[in-house]
Amino acid sequence: MMTTLDDLLWSYQSLIYGLGTNAILGLSMYAVLQLGQLSLGQAAFMGIGAYTGALLTLKLGLPFPLVLAAAAAAPALAALVIGGPTMKLSGVHLAIATIGLGEVLRVAYINTDAMGGALGLSGIPEKADFSIIFGLLAVILAGFILASRSKIGRACEAIREDEDAARVMGIDVSAYKMTALVISAALAGLAGALNAHFSSFIGPNEFAFETAVSILSFAILGGVTTPFGPVLGAFVLTALPELLRPLHDFRLVFNGLIIVLVVIFLPRGILGFRIRRTGKPPPC
Amino acid sequence: MLTVHALTRAFTGLVAVDQVSFTVAPNTIHALIGPNGAGKTTLFNMISGLLPPSDGTIAFQNADITHLPPHRRSRLGMGRTFQNLRVFGEMTVLENVLTGMHPRLGVAWPLAVLRSPAARNEETAGLAKALNLLRKVGIAEQARRPAADLAYGDQRRLEIARALASDPALLLLDEPAAGMNPTETAALGDLLLELRREGLTILLVEHDMGFVMRLSDRLTVLNFGRKIAEGGPDDIRNDPTVIEAYLGTKVARRLAAGAP
């Protein structure tokens with residue numbers, strides 16, 4: 001039994017690890033989307049984390065937990081810097097500004113020799129394993145669930161439903177949005193570093209617009225009314241291309257098709273339920 | 001309680017509120033009336049902080065709040081409702097009221113997330129308080145329904161309960177009786193009088209003149225963004241400028257001449 005499981009893990013290792021890191025990316029999208037903010041900078045933040053992590057491991061040989069912490073901190077810092085001016089933007093404007101960040105960074109990676117240039121960085125030691133990836137995913141998911149059941153979850157839902165009403169209710173909307181963007185960036189960076197440390201290679205084109213859209217699709221497919229949605233969405237969209245392998249080049253068409261169908265028929269995502277935030281039922 | 005001084009808001013090509021000044025005395029019901037487009041809601045949005053004034057100052061409980069963001073005003077004790085209903089539709093009625101309590105929930109966020117005993121006590125106390133508020137406005141039996149499912153008049157009452165949840169000293173009500181039937185309006189009037197007895201100060205915008213005249217201690221009348229009159233209900237009822245603003249010059253002249 002154990003050997004069968006080991007075989008399975010070994011042959012599908014990168015797929016299984018990918019499920020975990022993509023789920024973390026889905027949650028990073030959830031962090032901003034649950035406030036109604038559309039950021040397409042997730043791939044850029046992921047890239048900052050991946051490059052930070054890979055360089056710290058390759059050049060300085062730092063211990064892995066420290067590498068992961070730095071890989072989360074670097075994009076969080078970037079989010080703080082770009083957050084100030086972009087916080088005033090909303091809707092499609094924030095999306096465009098964050099796309100811009102991704103493009104700027106991609107060109108910067110290509111033209112910086114210390115970052116491997118267009119060839120990227122290879123030979124990154126495989127330090128991320130099943131327990132680290134899924135352990136972190138579990139902790140992050142638990143954090144989101146707990147937060148969403150507290151007064152913070154209520155405030156977030158209020159902001160998503162009606163920003164002005166939330167403001168008048170005493171909710172510091174700008175602070176919530178900034179915090180969400182920073183958390184979102186940290187998670188994306190963490191996922192990027194984990195990804196770099198099992199795929200052993202990163203390149204500048206991995207963190208471009210296409211990746212940003214994939215991450216968004218995890219959240220849209222699963223739904224953002226609960227943190228479970230983006231995790232499920234990431235699992236489905238990561239596993240599906242493997243399951244549809246016999247269809248060869250057509251398999252990616254299914255990812256697009258599924259998203260179109262979900263947006264039309266299940267606009268709240270496949271997990272559209274919501275978490276109640278009233279604690280235990282009071283004696284009415 | 002609240003002093004608005006020379007408050008002005010200009011939009012491109014239109015001065016919606018023009019040099020308006022008035023003072024709301026503590027523990028009174030003060031009404032802001034005027035024909036549609038007089039600038040009442042614009043004034044409300046400036047007082048609650050959603051719209052920055054072009055000029056003028058707002059003082060609340062002796063502090064200048066002209067440039068404070070809305071959530072800080074809420075913390076200082078200002079609550080409001082909206083003319084076009086803005087309950088959080090997907091939340092339950094009870095959750096709406098709990099959200100209104102946000103600025104009064106003091107437990108630090110890590111403790112709230114980790115459900116420390118202090119956070120749980122606070123939530124339990126909050127729930128009891130929220131239910132009491134719902135009883136007060138008369139919709140307690142609907143506490144568990146999604147707010148969007150409530151009837152129009154009940155959503156108005158929910159907005160009042162949600163605003164009261166932050167323990168405001170001043171409550172701003174934007175057309176609280178709109179869309180209510182006479183029975184509901186009378187009940188709402190009783191509720192507002194009860195709230196004033198309990199020490200609350202209320203500033204309200206309303207078109208239902210019977211309702212306004214019954215409740216108000218003082219009225220400020222706006223027309224085309226300017227203050228045209230101020231006084232008690234009797235002064236306003238007999239003020240020729242006010243009658244003219246509402247009914248037009250011809251009718252006002254006929255009334256003055258004693259025509260039926």
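The radius of gyration used here is taken over C-alpha atoms, and the globule rule sets it against 2.2 Å times the number of residues to the power 0.38. This is a predicted model, in which local features need pLDDT of at least 70 and side-chain atom pairs count only at pLDDT 80 or more, while totals for chains, interfaces and linings use all residues. Residues are numbered from 1 along each chain as its sequence is written, and chains are lettered from A in the order in which they are written.

Select chain B to begin. Its radius of gyration is 20 Å, which agrees with the value near 18 Å that a compact globule of 260 residues would have, and its C-alpha trace spans about 70 × 40 × 35 Å along the principal axes. Chain B holds 11 helices and 10 strands, taken as DSSP runs (helices H or I, at least four residues; strands E, at least two) numbered from the N terminus.

Next, select B:Gln19, found in strand S2 (residues 14-24) of chain B. Its phi is near 55°, a positive value in a residue other than glycine, although most residues other than glycine have a negative phi. B:Gln19 counts as partly exposed because it has 14 C-beta neighbours inside 10 Å; buried means 20 or more other C-beta atoms within 10 Å, exposed 12 or fewer, and partly exposed in between, with C-beta atoms placed from the backbone.

Move on to B:Glu175, in the loop between strand S7 (170-174) and helix H7 (182-197) of chain B. Phi of B:Glu175 is also positive, near 50°, but this residue counts as buried, with 20 C-beta neighbours inside 10 Å.
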